[in-house]
Amino acid sequence: MGLIILLVLLGVFFLVVELVLLPGVTVGTILSLVSYAVAVYMAFERFGLTGGAVTLAVVVVISLVAVVLSLRAKTWRRFSLRQKIESSSMETPSDTVSVGQCGIAVSRLSPMGKVNIDGRVYEAKSIDSYIDQRSRVEVTGFENFTVVVKRAEDK
């Protein structure tokens, strides 16, 4: 009797591990099914039809309870990342350049190219059709890691 209970508990353990830690059909599912099958087989062999049927019913009920408890939102929240990541792998142009700053086109912007603003080269996108190399540009905004520019008006 103790071995059957142990096998059922192992089956539940492997099922929960599979659901929470190892999604998909992997070793946890196989070990869970084997544990359940051996426990039910032993129950039918040792206790007859009634004992085997009761063991099978217990396995099904315990498995359903384990699945429901494992998939509840609170269970997943315990394993989820609660910290918000604020940093990035590289600084964005908006950290060092501001709207209205002027620079020089290092390459032709058609509509993408490179601009030099305060001695630093940035990937840029032109809102005008084309901007020739060595033309003055003015920053109008940002798109991800790209500076959005327009042709600067001569003063």
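How many residues lie between E1 and E2 in their hairpin? Six.

This is a predicted model, where local features need pLDDT of at least 70, side-chain atom pairs count only at pLDDT 80 or more, and totals for chains, interfaces and linings use all residues. Residues are numbered from 1 along each chain as its sequence is written, and side-chain values use heavy atoms, with hydrogens and water left out.

Select residues 102–105, strand E1, and residues 112–117, strand E2. Strands (E, at least two residues) and helices (H or I, at least four) are DSSP runs, numbered from the N terminus. E1 and E2 run antiparallel, joined by two bridges; strands pair if DSSP finds at least two bridges between them. Find Ala105: its bridge partner in E2 is Val115.

Asn116 has Val121 as its bridge partner in E3. Two residues separate the strands of this hairpin, and Asp118 takes a positive phi near 50 degrees.

**The two faces of E2.** Gly113, Val115 and Ile117 form the covered face. Met112, Lys114 and Asn116 form the uncovered one. In a regular strand, side chains alternate between the two faces of the sheet.

**The barrel.** Now show five strands: they close into a barrel in the order E1-E2-E3-E5-E4, with mixed pairing.

Select residues 27–71, helix H2.

Note on methods: Expected span 1.5 Å × (residues − 1). Buried < 20%, exposed > 50% of the residue type's maximum accessible area, 1.4 Å probe, protein only.
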